[in-house]
Amino acid sequence: ELHEWVCLKRAVGRIPRYDCVIFGLDGVITQTVVVHQMAWKATFDTYLRFHQQRDFEEFSVRYPSTNFEDYLRMTGNHFKEFTGQDYLTYVDGKPRYEAVKSFLSSRGIDLPFGDACDPLGAETLSGLGNAKANKFIEILETDAIQPYPSTLRLIKELRAAGIRVGVASSSENCKHVLQISGLDCLIETCIDGVLSPAMCLKGKPAPDVFIAAADKLGCRPSRTVVFEDSAAGVQAGSREAFALVVGLARADNHEELKEAGADVVMSDWGTHSLTNLDHWIHQKQSCGRTFFSFDAVLFDISAVILQATNAPRGSEVHPSTAHLIKELRASGIRIGVVASSQDCEFALKAAGLFHFVEAFTDNAISSGIEPKLKPDVDHYYQAAKQLCCVPCRTVVFGASVDVVQAGAQGSFGLVVGLAYLVNREQLILNGADLAYSDWGDHIINDLETAGKLKLNK
């Protein structure tokens, strides 16, 4: 135990507040969501066309002279394909047969459950679920499965630090997917769609599978972190007293995951570290929550980070901004810098802030953007994209009217003006949501409060 504690302290700087991490599979570890969507779409679209054709034939018995076009015009029963939104709303994260029932109910179709051994063509929930499973295997045999690089890095770091790692998935193909993707050697336990029924566990959004996975690793929920990409999975994590629930918004569904109960939401794990997990847990334990309304902050380098406007080399740094940048990174918030000059990297290194910044955009590296004297909305879009963050969950800091206008034009989550160059009224009139003379003694919570107020307007 002493050796394990030393290893943990070396990995995260202290004994962490969590003992294990339980991951969902599809869309969290492996890029198999597309494969599942394809299999579901093929299954449901085939059945929906069959169902429509049968309705037409029954209609034709009552009205013999009616052709298919007349039938559509008279009944309005046009074919409506299975969509990506259908997948997120009715299918994602749920056990297979429950997913079939959920989607068909949305189309007003009620089928009997049947038997788990029903053949692929049976018109039952089980028959359609089995057809989907067969189609999924067919696609797997032709397409290689790739893990998400950032999640794979995280799992390896967790295992190296002695943190236990498990998977909880509603998929009956979970172990097969882990094996063919070469990840099975990193996962210590797996509660999947085969084991769950045998253990009489309820599927997501019930928390049973995550509790069982943690229990198999000898860990308490209060010392367990959950990673999920689906609303049902996040709900499962939030319904038990887990240490932290991290939502990965692969489908740009940040708000959905936040509303489902995620403590932290991001598009991808990116360059976050084990220390971030520990810090977020500490935040949650201290004030009951983590930061919900934003994932990234973009700073203009001129007059916001540096005190000079057009001579970044050797310029002094605003101490309060430098302190804010360090606080944000310690809280797991991603940091980007935008500049119109070509000296951004040099200036950040000279200021001792370069290693805190995950993305920067200037006229030397802006891809596909015409060099300009002042940064515009395209520069900020590019920086947010580099951070895998959407504009509506990104804060922009600027000291000039041009930057404030760019932030407002781009529909960013929050635009903060620092009145070093012009007065606060000018910044507010040109689109700033907040304007300060200096960041001063303000804290990150002030950004969170302002972001929530803006969302509620």
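These legends describe close-up views of a predicted model. Local features need pLDDT of at least 70, side-chain atom pairs count only at pLDDT 80 or more, and totals for chains, interfaces and linings use all residues. Residues are numbered from 1 along each chain as its sequence is written, and side-chain values use heavy atoms, with hydrogens and water left out.

View 1. The structure holds two cavities of 30 Å³ or more. A cavity is a set of points, on a 1 Å grid over the protein atoms alone, where a 1.4 Å probe fits but cannot get out. Grid points are joined across faces, edges and corners, and a volume is the space filled by probe spheres set on the points. The largest cavity is lined by 24 residues, and the closest to its centre are Asp26, His36, Lys94, Ser170 and Ser171. Lining residues have an atom within 4 Å of a point. Helix H2 (33-62), helix H4 (84-91) and helix H5 (96-106) each give two or more residues to this lining. Helices (H or I, at least four residues) and strands (E, at least two) are DSSP runs, numbered from the N terminus. By class, the lining has seven nonpolar, eight polar and nine charged residues. Ala, Val, Leu, Ile, Met, Phe, Trp, Tyr, Cys and Pro count as nonpolar; Asp, Glu, Lys and Arg as charged; the others, Gly among them, as polar.

**View 2. The crossing of H2 and H4.** The two axes come within 10 Å and cross at roughly 95 degrees. That makes H2 roughly perpendicular to H4 (65 to 115 degrees). Axes are lines fitted to C-alpha atoms, for helices over the stretch in contact, and angles run from 0 to 180 degrees between N-to-C directions. From H2, Val33, His36, Gln37, Trp40 and Phe44 meet Gly84, Tyr87 and Val91 of H4. Contact means heavy atoms within 4.5 Å.

View 3. A pocket is an open set of points with protein on both sides within 12 Å along at least five of seven lines. Of its 16 lining residues, Pro95, Arg96, Gly193, Ser196 and Pro197 are the closest to the centre. H5 and helix H9 (195-198) each give two or more residues. The largest share, three residues, comes from H5. The lining divides into five nonpolar, five polar and six charged residues.

**View 4. The sheet S3-S2-S1-S4-S5-S6.** This open sheet has six strands in that order, with parallel pairing. Two strands pair if DSSP finds at least two bridges between them. Strand S3 (189-191) and strand S6 (264-266) stand at the edges with a single partner strand each, so one side of each is left without a neighbour in the sheet. Neighbouring strands are turned by 20 degrees against each other on average, direction ignored. Strand S2 (164-168) pairs with S3 in the parallel sense over three bridges. Val167 stands opposite Cys190 in S3. Helix H10 packs on the sheet, where H10 touches strand S1 (20-23), S2, S3 and strand S4 (224-228). The direction of H10 makes about 155 degrees with that of S3. Helix H11 (231-238) lies across S4 and S5, at about 170 degrees to S5.

**View 5. The sheet S9-S8-S7-S10-S11-S12.** This is an open sheet of six strands, paired in parallel. At the edges stand strand S9 (359-361) and strand S12 (434-436), each with a single partner strand, so one side of each lacks a neighbour in the sheet. Neighbouring strands are turned by 20 degrees on average, direction ignored. Strand S7 (296-300) and strand S10 (394-398) pair in the parallel sense over four bridges. Leu298 stands opposite Val396 in S10. Helix H16 (377-386) packs on the sheet and touches S7, strand S8 (334-338), S9 and S10. The direction of H16 makes about 160 degrees with that of S9.

**View 6. Two backbone details in loops.** Most residues other than glycine have a negative phi, and most peptide bonds are trans. The peptide bond from Lys204 to Pro205 is cis, with omega near 20 degrees. Pro205 is in the loop between H9 and helix H10 (208-216). Asp252 has a positive phi, near 55 degrees. Asp252 is in the loop between strand S5 (244-248) and helix H12 (254-260).

Conventions:
Angles under 35 degrees count as roughly parallel, over 145 as roughly antiparallel, 65 to 115 as roughly perpendicular and the rest as oblique.
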